[in-house]
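Trainee: Could you take me through one spot in this structure closely? Then show me how it connects to the rest.

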Amino acid sequence: MAGKVMQKAEELAEKYDTPLYVTDGDRMIANYKRIFGTFSERLPTRVYYACKANANLAILHLLYREGSYADTVSIGEIFSCLKAGFPPEKIMFTGTNVRNDELIYLVNAGVLINIDSISELVRLSKISAEPKLSFRVNPEIGAGHHEKVVTGKRTSKFGVPLNQIEGAVRKAIDYGFDVVGLHCHIGSGILESGPFLKVVDRMCDLAESLESSTGVEFEFIDIGGGFGVPYKRDEVALDIENLAQEISDRFRGKILAIEPGRYIVADSTLLLTRVNTIKETPEKTFIGADAGFNTLIRPAMYGSYHRIMPVKGEGKKKRRYDIVGPLCESGDVFAEDRELPEVKEGDLLAILDVGAYGFSMSSNYNSRLKPAEVMIKNGKDYLVREREKFEDLIKNQLVPEELPK
Ligand SMILES: Cc1ncc(COP(=O)(O)O)c(C=O)c1O
């Protein structure tokens, strides 16, 4: 994708200013079709796009039109999915530590609720036993690119513990709920098939044993998201064909649900940032850019690697740089000691593969404005999120007249 967008990068930066997220909508749809096609030609499959990766309305809308379902983790995401066109029947809510007023919203919205705890089930039963339910179980299998994104190990906060799941299902049946699915999500950014296969075995065994002990009949088993993408040049991509084949060899008699976020959007998007300062110090040369960890937090939060390249770097001699942002924080670093073609002030840099957990984790830290998002589709560019204005920073703030001195 990078090549296609890189050709337009200068023009886009001029037109929309920087920092700027640019998403190749065709690439995103190709990713969706690849993962859906590969699994669905082997098994009845539902792809729930994990919209926490990027919940921009234009992205949601395109994926909905392609046939995707949506996995949401907050009622704000449900609100966005409904606005983008998803009908409630295609939305699953996988929340944790859910409030009662949120449960009421879910019941009224008519979405599928993925129960995360017995507390949530009991509180929901007092509101209504109408909604269809699935259970998120803690499968005691965790994996992921960083400790902070591992969600399925025994000590994780997510899901009903394995030793409580049978009791939870029985309780749901007693309340009169229609229990239709069994769900788990083990972590994010997984590049090997091993953890997925382990989880498929565990979930299939568990579903069988729950069906025989409680009489429940599951329509689907959901193995969550976590399908990794390579960020470094030498990383090997997940072999999705092989994975789908191995999963279908062991999967038994249900609809398979998967919840890819990163796989669909990560490599569809780059971040354009303008270099405003080159600072030579005795130890290092810093490239000071106009994006910081307020714009893209993955390197600061997870130590994540993103390829970075000057938009016009060809033929220039190489130098080593630290690439940093404008925040008053020492951790505001995108890359250390990175070799790049020589960069001058005013040059444009592209940070690659930022479509997942890029914009969606951005913030107003240091009172900085969130950037614009642009979508390229069929060769044309469309503004899909306006850059924030100063007024947005203060729009919910009050200085009460009666505030004492
Ligand atoms: C419940 C759930 N499903 C799916 C995902 C998507 O993960 P990924 O973007 O790695 O596919 C997440 C992300 O953490 C999640 O929490």
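Mentor: Start at Ala70. Leave aside its neighbours within four places in sequence, and Ala70 is in contact with Tyr48, Tyr49, Cys51, Leu60, Cys81, Phe86, Lys90 and Ile91. Contact means that the C-beta atoms of two residues, placed from the backbone, lie within 7 Å. Residues are numbered from 1 along each chain as its sequence is written. This is a predicted model: local features need pLDDT of at least 70, side-chain atom pairs count only at pLDDT 80 or more, and totals for chains, interfaces and linings use all residues.

Now widen the view. The largest nonpolar core has 77 residues, and Ala70 is among those touching the most other members, along with Leu60, Ile91, Phe135 and Met203. Such a core is a set of buried Ala, Val, Leu, Ile, Met, Phe, Trp, Tyr and Cys residues joined through C-beta atoms within 7 Å. Buried means 20 or more other C-beta atoms within 10 Å of a residue's own; 12 or fewer is exposed, and in between is partly exposed. Helix H8 (residues 194–214) gives this core its largest share, 7 residues. Helices (H or I, at least four residues) and strands (E, at least two) are DSSP runs, numbered from the N terminus. A second, separate core holds 34 residues, including Tyr16, Ile323, Ile351 and Ala372.

Next, a helix pair. Helix H2 (residues 25–40) packs with helix H9 (residues 240–250) at an angle of about 35°, their axes 9 Å apart. The axes are lines fitted to C-alpha atoms over the stretch in contact, and angles run from 0 to 180 degrees between N-to-C directions. H2 brings Arg34, Ile35, Thr38 and Phe39 to the contact; H9 brings Ile240, Glu241 and Ala244. Those residues divide into 4 nonpolar, 1 polar and 2 charged. Here Ala, Val, Leu, Ile, Met, Phe, Trp, Tyr, Cys and Pro count as nonpolar, Asp, Glu, Lys and Arg as charged, and the others, Gly among them, as polar.

Last, the backbone. Most residues other than glycine have a negative phi, and most peptide bonds are trans. The bond from Thr18 to Pro19 is cis, with omega near -5°. Pro19 sits in the loop between helix H1 (2–16) and strand E1 (20–24). Asp337, in strand E15 (residues 333–341), has a positive phi near 50°. Asp337 is exposed, with 10 other C-beta atoms within 10 Å. Asn366 also has a positive phi, near 65°. Asn366 lies in the loop between strand E16 (348–351) and strand E17 (372–377). With 14 other C-beta atoms within 10 Å, Asn366 is partly exposed.
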